[in-house]
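Here are my notes on the model you sent over. Have it open next to you while you read, and tell me where you'd like more detail.

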Amino acid sequence: MTTAAPANVFDKIYDRSKEVKDFDDSKLGVKGLLDSGITSIPRFFFHPPESLPSITTSTQHTSTYEIPTVDLSRIDTDHRVFIVDQINQASCTWGFFQVINHNVPLDVLNRALLSIKAFNEQSNEVKSQYYCRENDRGMTFASNFDLFQSKAASWRDTLQMGMDRTDFDKVPEIVRSELFELDQHVKRLGETLMEILCEGLGVEKDRLKNMACSERRHLAGHYYPYCPEANRTVGTKCHTDPSVFTVLLQDHIGGLQVKHGEHWVDVKPLDGALVINIGDILQIMSNDKYRSVEHRVVANSLHEPRISVAIFFNPGNLEIMYGPLPELITPPQKSAIYKQFTLEDFIMKFRAKGLDGKSSLVDYFFP
């Protein structure tokens with residue numbers, strides 16, 4: 001007679017670090033796993049039940065709220081003051097808003113999404129040539145940038161590049177022109193948004209531009225394939241963005257959720273719209289007036305991939321000190337809430353901890 005093994009024997013047999021390494025060494029990504037015919041996901045993708053969107057107990061998901069949508073079509077008219085007020089209110093209360101009539105052509109948006117889809121749906125033999133975590137060439141393609149730091153992995157693959165330092169000719173041809181064209185349009189939009197955000201803060205409208213906050217842009221093209229056990233994992237863990245702000249292009253699938261009070265709110269896809277969210281660095285610069293809020297992406301349960309492209313705006317100088325803008329500090333009524341920091345230190349701390357569900361801001365509060 002065979003005696004059943006105690007339940008904890010399997011925990012001892014399971015070698016998470018080896019499974020993670022084997023997965024990464026395979027260079028398949030989650031799309032490659034899916035293509036191999038799996039019907040269940042590897043254990044290192046499992047998230048604690050309390051952190052999963054569908055069964056979270058501390059907060060309840062609701063569809064009764066919507067993030068604000070701002071029409072930029074009259075930005076160069078006397079209607080500008082109302083647009084500034086809309087974005088100011090959204091940045092203070094939500095930390096997220098969508099913009100329409102933003103002058104980024106619809107065909108540029110669509111081509112960018114299609115290029116990320118096409119790249120990820122190439123054969124494993126082709127994609128594996130680009131799979132790497134080293135960032136010396138300014139570009140990486142991998143599943144989960146924090147795979148080896150995180151307690152649980154997320155169900156997505158990502159192509160990333162630093163737009164200020166990536167060699168154009170080394171970018172895969174299938175996405176090359178589409179992503180660089182998108183970036184140039186989004187840079188112009190970002191500079192317009194910087195002016196509006198500055199006006200909302202009551203500082204000179206070129207303040208952020210003069211700090212080179214559009215010069216160090218980082219692009220991430222995310223591919224979220226169907227997940228056979230979407231109830232056990234996530235697409236992207238709860239986090240805030242370590243940026244000045246982020247411009248996000250998402251397709252029609254949906255799945256992005258924003259924390260608003262005690263509720264998780266769906267960011268409903270709006271054709272031709274771009275999603276804007278305030279990052280940790282701008283919350284610090286604004287001395288807590290603008291809010292960098294938690295957001296996440298649910299695992300994709302549809303038999304159609306979700307595609308998104310995010311462009312993160314950051315200051316161009318890694319070595320100078322950043323902190324609350326001096327114009328916003330008038331002691332004792334308004335003292336600085338945050339310490340100063342270098343961008344190099346900020347990025348290093350973020351990469352070391354990964355997407356752990358905690359904001360980077362806690363490291364910079366004054367005691």
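**Notes on the model**

1. Let's start with Val-258, which sits in strand E9 (residues 256–260). Helices (H or I, at least four residues) and strands (E, at least two) are DSSP runs, numbered from the N terminus. Val-258 is buried, at a relative accessible area of 0%. The scale here is: buried under 20% relative accessible area, exposed over 50%, partly exposed in between (1.4 Å probe, protein chains only).

2. A word on ground rules. This is a predicted model, with local features needing pLDDT of at least 70 and side-chain atom pairs counting only at pLDDT 80 or more, while totals for chains, interfaces and linings use all residues. Residues are numbered from 1 along each chain as its sequence is written, and side-chain values use heavy atoms, with hydrogens and water left out.

3. Who are the neighbours of Val-258, leaving aside residues up to four places away in sequence? Val-258 touches Phe-96, His-263, Trp-264, Val-265, Val-267, Val-293, Glu-294 and His-295, where a contact means heavy atoms within 4.5 Å. Take Val-293 from that list: in sequence Val-258 and Val-293 are 35 residues apart, and their C-alpha atoms are 7.4 Å apart in space.

4. Now the whole protein. There are 10 helices and 15 strands, and 52% of the 367 residues count as buried. For contacts between residues at least 6 apart in sequence, 78% join residues at least 24 apart.

5. On overall dimensions, the radius of gyration is 21 Å, which agrees with the value near 21 Å for a compact globule of 367 residues. That radius is taken over C-alpha atoms, and the globule rule is 2.2 Å times the number of residues to the power 0.38. The C-alpha trace spans about 80 × 45 × 45 Å along its principal axes.

6. Pro-331 is in the loop between strand E14 (321–322) and strand E15 (341–342), and it is exposed, with a relative accessible area of 56%. Pro-331 and Ala-230 are 101 residues apart along the chain, and 50 Å separates their C-alpha atoms.

7. Next, backbone angles. Most residues other than glycine have a negative phi. Lys-27, not a glycine, has a positive phi of about 60 degrees; Lys-27 lies in the loop between helix H2 (16–26) and helix H3 (29–35) and is partly exposed at 35% relative accessible area. Asn-144 also has a positive phi, near 65 degrees. Asn-144 is in the loop between strand E4 (139–142) and strand E5 (157–162), and is buried at 0%.

8. How many disulfides does the structure hold? The count is 0, taking a disulfide as a pair of cysteine sulfur atoms within 2.5 Å. For Cys-92, the nearest cysteine sulfur is that of Cys-198, 13 Å away; Cys-92 counts as partly exposed, at 23% relative accessibility. For Cys-213 the nearest cysteine sulfur is again that of Cys-198, at 8.1 Å, and Cys-213 is buried at 0% relative accessible area.

9. Last, the surface. The protein exposes about 16900 Å², with carbon and sulfur atoms supplying 52% of that area; accessible areas come from the Shrake-Rupley method with a 1.4 Å probe, and for residues only the protein chains shown count as cover.
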